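The sequence and the structure are shown below.

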Amino acid sequence: MAVSRAISLPEEIIRQAEQIAAREHMSVEELVSAALAEHFAGAEYLRRRGGRASIEKFRAALDLIPDNEPEPHDRL
């Protein structure tokens with residue numbers, strides 16, 4: 001079920017959304033809906049992955065990293 005809402009966005013965001021929507025042959029509403037759905041799915045994925053995390057797993061992963069100086073091309 002679609003619900004209509006009015007939101008305010010900066011003009012530049014609207015302009016870019018219109019350009020992308022035109023290029024993708026869709027309406028701005030479809031573009032925004034797809035972008036939000038993708039964002040929510042990504043956030044849910046990260047939440048689930050985070051739920052499986054533990055400090056023990058993190059420390060075990062850190063233990064696998066060699067304790068030596070980085071190669072010259074890897075230095076900051």
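The side chains of Glu-69 and Arg-75 meet in a salt bridge, with 3.6 Å from N to O. A salt bridge is defined here as a side-chain nitrogen of Lys or Arg within 4 Å of a carboxyl oxygen of Asp or Glu. Glu-69 is exposed at a relative accessible area of 59%, whereas Arg-75 is partly exposed at 45%. In these terms, buried means under 20% relative accessible area, exposed means over 50%, and partly exposed lies in between, for a 1.4 Å probe and protein chains only. Elsewhere, salt bridges that share partners join Glu-44, Arg-47 and Arg-48 into one network.

The model is a predicted one, in which local features need pLDDT of at least 70 and side-chain atom pairs count only at pLDDT 80 or more, while totals for chains, interfaces and linings use all residues. Residues are numbered from 1 along each chain as its sequence is written, and side-chain values use heavy atoms, with hydrogens and water left out.

**Salt bridges**

Four salt bridges are found when the whole structure is searched. Side chains of opposite charge can pair when their charged atoms come close. Three of the pairs are listed here with their N to O distances.

| Acidic residue | Basic residue | N to O distance |
| Glu-12 | Arg-15 | 2.4 Å |
| Glu-44 | Arg-48 | 3.8 Å |
| Glu-69 | Arg-75 | 3.6 Å |

Glu-12 and Arg-15 are three residues apart in helix 1 (residues 11–23), so about one helical turn separates them. Glu-12 is partly exposed, with 38% relative accessibility, and Arg-15 is likewise partly exposed, with 35%. Glu-44 and Arg-48 are both in helix 2 (residues 28–51), where four residues, about one turn of the helix, lie between their positions. Glu-44 has a relative accessible area of 31% and is partly exposed; Arg-48, at 45%, also counts as partly exposed.

**Overall form**

The chain contains three helices and zero strands, and its pattern along the sequence reads α-α-α. Helices (H or I, at least four residues) and strands (E, at least two) are DSSP runs, numbered from the N terminus. The radius of gyration of the chain is 21 Å, whereas a compact globule of 76 residues would have a value near 11 Å. This radius is taken over C-alpha atoms, and the globule rule is 2.2 Å times the number of residues to the power 0.38. The C-alpha trace spans about 55 × 35 × 25 Å along its principal axes.

Of the 76 residues in the chain, 4% are buried. The chain exposes about 7400 Å², of which carbon and sulfur atoms supply 58%. Accessible areas come from the Shrake-Rupley method with a 1.4 Å probe, and for residues only the protein chains shown count as cover.

The chain carries 10 positive and 14 negative side chains, and the centres of these two sets are 8 Å apart. In this count Lys and Arg are positive and Asp and Glu negative, with His and the chain ends not counted. Each charge is placed at NZ of Lys, CZ of Arg, CG of Asp or CD of Glu.

**Nonpolar patch**

On the surface, Ile-55, Phe-58, Leu-62 and Ile-65 form a nonpolar patch with about 390 Å² of accessible area together. Patches are made of residues with over 30% relative accessible area and no salt bridge; like charges are joined within 9 Å, and nonpolar side chains (Val, Leu, Ile, Met, Phe, Trp, Tyr) within 5 Å. Ile-65 belongs to the segment after helix 3 (55–63) and is exposed, at a relative accessible area of 53%.

**Individual positions**

His-25 sits in the loop between helix 1 and helix 2. Although not a glycine, His-25 has a positive phi of about 55°. With 74% relative accessibility, His-25 is exposed.

Gln-16 is located in helix 1 and is partly exposed at 36% relative accessibility. From C-alpha to C-alpha, Gln-16 and Val-28 are 9.8 Å apart in space and 12 residues apart in sequence.

Glu-71 is placed in the segment after helix 3, and its relative accessible area of 47% makes it partly exposed. Glu-71 and Tyr-45, 26 residues apart in sequence, are 34 Å apart in space from C-alpha to C-alpha.
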